[in-house]
Amino acid sequence: MQEIKKAFVERVDENELMNCMRCGFCLPSCPTYIQSGEQEIHSPRGRIAMMKAVRDGMIEADEEMRNSLDVCLGCRACEPVCPAGVQYGHLLEESRAILQEHTAYSATQKAVRHTVFHELFPKNKQMNRVVNLVGFYQRSGLQKGVRKVGFLKLFPKGMQEMERVLPPVQKEKKRQYEQKVFEAVGNKTATVAFFAGCLMDTMFNETNRATIKLLQMAGCEVHIPSDQGCCGALHGHAGEKDQAIEMAKRNISAFESMEADYIVLNAGGCGAYLAGYDHLLKDRGGWQTRAHYFASRVRDFSTVLIEKGLEDKVNLVYPSTVVTYQDSCHLRNGMNVFHEPRQLLRQVEGVEYREMPDASGCCGSAGIYTIVQPDMSLKIVDDKMEKAITTNPGVIVTANPGCLLQMKVGIERSGLAGKVEAVHLADFLLEALS
């Protein structure tokens, strides 16, 4: 335990911990505090207090503290409302990394973590192989058989829910891009480098293609740099900091040779992590400078579409319907992108936009949270759907793959399948453009 205390002293910023004034402004914004019955241990203020107590040697990092940090979604909703500007997300990730390094995992747990964090997400070929298996499972009739015999009941509740809402996976050949440069339509207004991501470029490849087409229509010449890979957010949130650093270096190297105006992407979770590479690589010599330049160019695609005036260049028309929008936590709290998606939706003819109550509240997705914390995840999405339903929507739009799947789960659980649709913003806009 002394090693953990020493690590907290060396690596967790005491000034940041002291910035927390215990004012409680974060409490109403914290999903786990609300869903736990307002337990202080499941609030940002309570977690920061535990971090400081461990750092000061007042308490040990026991199972209760580890559970509290694990239950945290990492949505960062506490950051915008904090009057002292506490960077809670950084404190959480560093604390998780320290605890992960001092956890004695079983042989099975070690094998699973190694497979997921070192062999799957960092390696594009492995990711493609796994997604190919998912596609085969869907197309071969195996999926229908598995559901019919009730085999899925053997799996955790979160995995059962996700299996039902996975998008149809295209064959690998169809997912491959015909070229690495996509010319601007009309007058060229910018050169952008597109961050394709791992799950976005496999499971949600059609959304990536929709995003590229929209950027082209806005006058952007779109380049897809080779050798890019997973952003590392999943690793950073799960305490695998060293692996996240290596993945950040890979992406910086892949993009820095391009003279692009922006690095553009369509996944809020990835965007916030890319924009934080300079913090991730602080005190890493020349890498911090390179990371700062990289992070300064990261933009969500909605920001670029507004800046380049897509609405002035094309007609956006959609069959008459009510649309509401669910914020991606990291897009809003990490990248400060709030108005742009709403502005784009309001410009679509035939759409009646209605603001969802507490649209900025987390949906309960948070990467693999739905799998590792299924009960809390489902409580949060059920609460989210109660608020979404008040707008009587035909379409719920969001801008992150995890949020998209979670809203689909919420629609299923609310008995609204076939009545309400969940769609990524890029796919919705491309359909309106068509």
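This is a predicted model: local features need pLDDT of at least 70, side-chain atom pairs count only at pLDDT 80 or more; totals for chains, interfaces and linings use all residues.
Local features are taken at pLDDT of at least 70 and side-chain atom pairs at pLDDT 80 or more, whereas totals for chains, interfaces and linings use all residues. Residues are numbered from 1 along each chain as its sequence is written, and side-chain values use heavy atoms, with hydrogens and water left out.

Across the whole structure there are six aromatic pairs, a pair being rings of Phe, Tyr and Trp (its six-membered ring) with centres within 6.5 Å, called stacked with planes under 30 degrees apart, edge-to-face over 60 and tilted for the rest. One of them joins Phe195 and Phe255, which is tilted because the planes stand at 35°, with the centres 6.1 Å apart. Phe195 sits in the loop between β2 (190-194) and α13 (199-202), and Phe255, 60 residues away, belongs to helix α16 (residues 241-255); helices (H or I, at least four residues) and strands (E, at least two) are DSSP runs, numbered from the N terminus. Phe255 also forms an edge-to-face pair with Phe294, at 5.9 Å centre to centre and 85° between the planes. Because Phe294 lies in helix α19 (residues 286-296), this pair ties helix α16 to a part 39 residues apart in sequence. Both Phe255 and Phe294 are buried, that is, under 20% relative accessible area, where over 50% is exposed and in between is partly exposed (1.4 Å probe, protein chains only). Ring pairs join Phe195, Phe255, Tyr273, Tyr277 and Phe294 into a cluster.

Most residues other than glycine have a negative phi. Arg76, however, has a positive phi of about 65° and is buried at 16%, while Asp358, with a positive phi of about 55°, is partly exposed at 41%.
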